Structures are given as structure tokens and as C-alpha cells.
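I opened the model to look up its pockets, its nonpolar cores and a few loop residues. My entries follow in the order in which I made them.

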Amino acid sequence: MSPSLTSLVASEDSSVEQPALSLLQELGWSHVSLYDEVPGLANVTGRTSFRQAYLPAQLRAALEKLNPGLPSEALRQAEEALTRDRSAMVPVNANREVHALLVDGVPVQVRRDDGGFNDLLVRVIDWRDVATNDFLVASQVWIEGVLHKRRPDTIGYVNGLPLMLAEWKAPTCPLADAYEANLRDYRDTIPLLFHANGFVILSNGIEAVMGASHAPYEVFAPWKRL
């Protein structure tokens, strides 16, 4: 086998990551690379810091779209509730709390002119009309924790929230390495990425598994394919 062919077979980017991104785009996801993202007021994602695991611009646009007629204060409270610091919580409990907000909506209270309060419910995801939601798959996303900065391969954002994490390995790399070397590290160094996470995909192009962000590797299930 020639060196060039060997490198092609062993390439994580060309043989695994790029085909996966192409498939996601065929399924309706938009794609963007955030490798060169610069946080700040001019940033199209709305992120002013790499400590924001979500995309403020996409989240705010989705909240406005899904909740026509609700006051801006209600949407502001919903964003705050969805993205607040949960680092002091048990990780699984933090994930469960955000999951409930995604499924049931975010309850907020907005003061009326007469001094009373209106109890409102802010929708985060349209579960009936899937096409109404914004699906954005971002590659090479920088995220900063308290002490460390990491760059996961692929994050799937639904309405600006990181619901999917995908980690790719070269075909010559054991699939378990994606769990041991990457997922475990992310859970320790950038735990804020997993507060809204719905599931994790690990693949080396030959095998692929999916599971919950804090589940042991042994219970990750094979991703079925034709």
C-alpha cells in the first residue's frame, strides 16, 4: 500500500469526519466550522466568551420564533434559566434539569403594569413540527472550562443548544479511545458542554456507538446501519 493511500485510510478527517458532516447536511443540518471563531460583539454566533457552550444568537432567534407574542423579559428569563451555571450540581442532575425545560418548556413570571405577575411558559423546541427548529452542526468548537480549553470534533446545536456531541477517530484507532481519551476528558474539563446534551456519538468509520453523556462505555449501543 502506498504511503498516500495509507494516510488516506488512516485519516480521521477525510475518511470519517467529513463524510459524517456531509451526511448530516443531507439530513437537513446546516454546517459551520468554528475553529477560527473570535468571541465578541461582532461574532455571528453571539458568543462573547468560549465559556458559553451554547450559541446565544441562535437560541434567542429560536425563542422569539417559537414564542410569538411573549414579552422580551419572558424570553430573557428563559435563556437565563436554560444556560445558568450548574457546575455545583451533580452532572446527571444538571442534565436532567435542563432536559425537563427542553421537553416541558421554561416557566417564567413577568410583572404586569398593575404590580401582579403573569405565569408564562416559554417553548424551547417545537416537538410537533420538527422543521420549525434550527439544526446547526458545528465542527472544531472551542469551549473553555475553569482551568482548561478544549475543541470537540462536532457539536450538534438545536435552537442554539448543544444537544449532540460527536467524536471521530481514524479507522485504525480503537473506538474505545474516543471514550477514554476524549469523552472522559471533556466531562472533567468542560462539564458545561453536557448540561443540555441529549446523546453522544463515537465513531471510527468502521464502528459507531451512541449513548448518554455520563453513561459507562459498556452500555453505549451500536449505531445500526444498512
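**Loop residues**

I began with Gln140, which sits in the loop that joins strand S4 (135-139) to strand S5 (143-144); helices (H or I, at least four residues) and strands (E, at least two) are DSSP runs, numbered from the N terminus. This is a predicted model, in which local features need pLDDT of at least 70 and side-chain atom pairs count only at pLDDT 80 or more, while totals for chains, interfaces and linings use all residues. Residues are numbered from 1 along each chain as its sequence is written, and side-chain values use heavy atoms, with hydrogens and water left out.

For Gln140 I noted a phi near 55 degrees, a positive value in a residue other than glycine. Gln140 is buried, with a relative accessible area of 14%, where buried means under 20% relative accessible area, exposed over 50%, and partly exposed in between (1.4 Å probe, protein chains only).

I then looked up Asn159, in the loop between strand S7 (154-158) and S8, and its phi is also positive, near 55 degrees, in a residue other than glycine. Asn159 is buried, at a relative accessible area of 1%.

Met89 belongs to the loop between H4 and H5 and is partly exposed, its relative accessible area being 25%. Leaving out residues up to four places away in sequence, I find Met89 touching Arg84, Ala94 and Glu97, with contact taken as heavy atoms within 4.5 Å.

**Helix H4 and the cores**

Helix H4 (residues 72-83) has 12 residues and reaches 17 Å from first C-alpha to last, close to the 16 Å expected at 1.5 Å a residue; the expected span is 1.5 Å times one less than the number of residues. Its buried residues are Ala74, Leu75, Gln77, Ala78, Glu79 and Leu82, and among the elements that cover them are helix H3 (56-66), helix H5 (91-104) and strand S2 (106-111).

The largest nonpolar core has 30 residues, of which Leu82, Leu102, Val106, Val122, Val124, Leu161 and Leu163 touch the most other members; such a core is a set of buried Ala, Val, Leu, Ile, Met, Phe, Trp, Tyr and Cys residues joined through side-chain atoms within 4.5 Å. H2, H3, H4, H5, S2 and S8 each give two or more residues to this core, and the largest share, 5 residues, comes from S8. Apart from this core lies another, of 23 residues, including Leu136, Leu175, Tyr179 and Leu183.

Which residues lie closest to the centre of the largest pocket? The volume of the largest pocket is about 640 Å³, and of the 22 residues lining it, Leu23, Trp168, Ser203, Ala208 and Trp223 are the closest to its centre. For my record, a pocket is an open set of points on a 1 Å grid over the protein atoms alone where a 1.4 Å probe fits, with protein on both sides within 12 Å along at least five of seven lines, and lining residues have an atom within 4 Å of a point. H2 supplies the largest share of this lining, 6 residues.

The second largest pocket holds about 460 Å³ of space and is lined by 24 residues, with Arg51, Asp85, Arg86, Leu192 and His195 nearest its centre. H4, S8 and helix H6 (176-189) each supply at least two residues of that lining.

Methods: Points joined across faces, edges and corners; volume = space filled by probe spheres on them.
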